Amino acid sequence: MNQTPNNLSCHSLLNQVYQTGFAVDDAILFLDTHPSDPAALAYYHQAHALYNNAVQAYEMQCGPLFMTDVNDRNYWTWINDPWPWEGGCV
Amino acid sequence: MDYYVPYNRPSNPAGCGMQQFPVGMGYVPWQTWGQTYPLDRAFKAGTIFPDLDYAFHYGRCRS
């Protein structure tokens, strides 16, 4: 997989998505058993906002992260990335 | 026998106040929210909670 400068920042942008998404998941697990915990709720909303920003930042530069995030009206940009068998797994 | 779940019980130190629980049942102290790891460390550790970040000592039982 060629590591063009742009591609490299896609990797780090994706890492941000992973890290923030993980924090959201862990906060959710805690909230399932502590539904009224104020600190946990505050953390969840903060992490969730960070996650949304991370996804947005990734998609602006690197294309849709989810099939349901294709915005282009003229072309199905979902297929722009290399497929897994073309080394597309990040 | 009723299924006793210590719901909404403040987590007390291990062993303390455990007498009133029937024997033969497993108990997990109630987790309370505390410090959290920075995001990158949490992702590596596999938890945002330092309280749950235990070292993994694998090995055979020593008789």
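User: How many residues of chain A and of chain B make up the contact in this predicted model?

Analyst: Chain A gives 16 residues and chain B gives 14 residues. A residue is included because its heavy atoms lie within 4.5 Å of the other chain.

User: What area do chain A and chain B bury between them, and on which atoms?

Analyst: The two chains bury about 1,300 Å² between them, with 74% of it on carbon and sulfur atoms. On the chain A side, α1 (5-33) and α2 (38-62) each supply at least two residues. The largest share, 10 residues, comes from α1(A). By residue class, the side of chain A that touches chain B has 9 nonpolar, 5 polar and 2 charged residues.

User: Why is the link of A:Cys10 and A:Cys62 called a disulfide?

Analyst: The S to S distance is 2.2 Å. The cut-off is within 2.5 Å, so the pair of A:Cys10 and A:Cys62 qualifies. A search of the whole structure finds 1 disulfide over all chains.

User: What makes the link of A:Cys10 and A:Cys62 left-handed or right-handed, and which parts of the chain are joined?

Analyst: The angle about the S-S bond is -105 degrees, and the link is left-handed. The pair links distant parts of the chain, with A:Cys10 in helix α1 of chain A and A:Cys62 in helix α2 of chain A, 52 residues apart.

User: Are A:Cys10 and A:Cys62 buried or exposed?

Analyst: Both cysteines are buried, which means that each has under 20% relative accessible area.

Definitions and conventions: Residues are numbered from 1 along each chain as its sequence is written. Chains are lettered from A and ligands numbered from 1 in the order in which they are written. This is a predicted model: local features need pLDDT of at least 70, side-chain atom pairs count only at pLDDT 80 or more; totals for chains, interfaces and linings use all residues. Side-chain values use heavy atoms; hydrogens and water are left out. Buried area is the accessible area (1.4 Å probe) that two parts lose on being put together, summed over both. Helices (H or I, at least four residues) and strands (E, at least two) are DSSP runs, numbered from the N terminus. Ala, Val, Leu, Ile, Met, Phe, Trp, Tyr, Cys and Pro count as nonpolar, Asp, Glu, Lys and Arg as charged, and the others, Gly among them, as polar. Buried means under 20% relative accessible area, exposed over 50%, partly exposed in between (1.4 Å probe, protein chains only).
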